[in-house]
Each structure stands twice: as structure tokens, then as C-alpha cells.
Amino acid sequence: MVLAIGAKRVLEVGTLGGYSTIWMGQGLPEDGELITLEISEIAPENLARAGIRNARVIVGDAKEIMASLPTEGSLDLVFIDADKKSCTDYFLEAKRLVRKNGVIIVDNVVQRGQVADDNFSRSSRKCEGIRTLLRMLKEDKEVEATTIATADAKDYDGFLYAVKL
């Protein structure tokens with residue numbers, strides 16, 4: 001995705017071990033920048049081993065960090081793969097930070113079809129967080145968004161792809 005849109009400035013929300021960070025970092029140009037937010041320090045060693053030098057891991061609460069970033073409209077891509085109950089908050093901040101025609105991706109929004117099934121675990125905070133985001137996006141005139149399903153031999157899920165208008 002980084003290569004496909006020619007991204008130079010990327011924000012990732014939810015680093016964990018750095019798997020997605022490594023892929024995105026490899027797609028950035030030499031002068032590119034990748035900022036990744038995580039609640040714990042797991043990824044830096046993995047990123048160093050993979051030779052990713054243009055990534056900066058910021059440890060802390062992603063909502064607070066995103067709100068403190070002053071660079072409105074300066075990011076090309078925001079990739080959100082963090083706690084789903086907060087994905088609407090992350091998306092709203094991402095929308096503020098991404099440039100016009102920039103891309104926001106939210107991973108794992110299908111959850112084996114459970115998000116679309118209102119009868120499934122109404123108490124599931126993960127599904128409810130995603131449902132809240134999807135309901136909000138129906139009325140959002142600042143982005144064009146779609147959900148793309150993915151599958152492999154074991155499971156299926158999907159991601160949300162949004163472009164800021």
C-alpha cells in the first residue's frame with residue numbers, strides 16, 4: 001500500500017511486534033518517515049533486525065499521542081491496527097492528520113462476519129467499536145470508504161479502506 005500510493009509519511013496505530021511496520025517501512029523511500037504508536041515496547045528490536053531505520057516507535061496511549069500531533073494534513077497514510085473499541089477515536093484523529101486524498105486503513109473490521117451479525121455478542125466491545133465506526137462512516141462526507149474482505153485457508157476478516165476527500 002505504501003508503494004501503491006507513493007506514501008512518504010505514514011502513521012501506524014498499534015505496532016505490537018512490528019510485522020506491518022516492517023512491510024510499510026520497506027515500502028517507504030529513503031527520505032520517508034514512519035511513526036508507529038504502541039502501548040508497550042516490543043517492536044524496536046524486531047525493526048532493527050529487519051533493517052528498518054526510518055521508523056520511530058512512540059510508546060504510550062495512542063489516543064493521547066494522536067491528539068497531540070500538530071501536523072494536520074501532513075500524512076499520506078494512517079494504518080490502524082489497535083484495540084477495536086477505540087477505532088472510531090483513532091479514525092477521527094487519523095482524518096485530521098491525513099492529507100487530502102490520503103488513505104486511512106483500519107484492519108480487522110470483518111471479524112469472521114461477526115461485525116455484520118447484530119445477533120452476535122452485542123456485549124462484544126471489539127465488534128461494537130467497529131460497528132460504531134461503520135455507522136459513523138455512513139454519514140461522513142469527508143471520506144469515501146469501503147470494507148474489503150480477506151480470506152485464507154483458516155479464517156476470514158477484512159479491512160476498511162478510506163480516502164479523505
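Predicted model: local features only at pLDDT ≥ 70, side-chain atom pairs only at ≥ 80, totals over all residues.

Q: Which residues lie nearest the centre of the largest pocket?

A: Met 1, Ser 20, Trp 23, Met 24 and Phe 79 lie nearest the centre, out of 17 lining residues. The elements giving two or more residues to that lining are α1 (2–5), α2 (19–27), β4 (75–80), β5 (98–107) and β7 (156–164).

Q: And which element gives the largest share of the lining of the largest pocket?

A: That's α2, with 6 residues.

Q: How does that lining divide into nonpolar, polar and charged?

A: For the largest pocket you get 10 nonpolar, 5 polar and 2 charged residues.

Q: How many charged residues are in the lining of the second largest pocket?

A: There are 7 charged, along with 7 polar and 8 nonpolar.

Q: α2 keeps coming up. Which of its residues are buried?

A: In α2, the buried ones are Thr 21, Ile 22, Met 24, Gly 25 and Gly 27. Met 24 is also among the residues nearest the centre of the largest pocket.

Q: What do the buried residues of α2 pack against?

A: Quite a list: α1, β1, β2, α3, β3 (55–59) and β4.

Q: Let's zoom out. How many helices and strands are there in the protein?

A: You have 6 helices and 7 strands. Reading from the N terminus, the order is α-β-α-β-α-β-α-β-α-β-α-β-β.

Q: What share of the residues counts as buried?

A: It's 42% of the 165 residues. The accessible surface is about 8900 Å², with 52% of that belonging to carbon and sulfur atoms. As for contacts with a separation of 6 or more, 59% are between residues 24 or more positions apart.

Q: What's the mean pLDDT of the protein?

A: The mean is 86, and 88% of the residues reach 70 or more.

Q: Which elements have the lowest and highest mean pLDDT?

A: Helix α3 (residues 43–49) has the lowest, at 80, while β4 has the highest, at 97.

Q: Switching to single residues. Where is the place of Ala 7, and is it buried or exposed?

A: Ala 7 is in the loop between α1 and β1. Ala 7 counts as buried because its relative accessible area is 1%, and the cut-off for buried is under 20%.

Q: Which residues is Ala 7 in contact with, leaving aside neighbours within four places in sequence?

A: Those are Val 2, Leu 28, Pro 29, Asp 76 and Leu 77. Leu 28 is 21 residues away from Ala 7 along the chain, with 6.7 Å between their C-alpha atoms.

Q: Now Phe 159. Which strand does Phe 159 lie in?

A: Phe 159 lies in β7. Its C-alpha is 4.4 Å from that of Asp 107, 52 residues apart along the chain. Beyond neighbours within four places, Phe 159 is in contact with Ile 105, Val 106, Asp 107, Asn 108, Val 109, Thr 146, Thr 147, Ile 148 and Thr 150.

Q: Last one, backbone angles. What is phi of Asn 101 near?

A: It's near 70°, a positive value in a residue other than glycine. Most residues other than glycine have a negative phi. Asn 101 is in strand β5.

Q: How exposed is Asn 101?

A: Asn 101 is partly exposed, with a relative accessible area of 47%.

Terms used. Residues numbered from 1 in each chain as written. Heavy atoms only, no water. 1 Å grid on protein atoms, 1.4 Å probe; cavity = no way out; pocket = protein on both sides within 12 Å on 5 of 7 lines; lining within 4 Å. Helix = DSSP H or I, 4+ residues; strand = E, 2+ residues; numbered from the N terminus. Nonpolar A, V, L, I, M, F, W, Y, C, P; charged D, E, K, R; others polar. Buried < 20%, exposed > 50% of the residue type's maximum accessible area, 1.4 Å probe, protein only. Contact = heavy atoms within 4.5 Å. Areas by Shrake-Rupley, 256 points an atom, 1.4 Å probe, with all protein chains shown as cover. pLDDT = per-residue confidence, 0-100.
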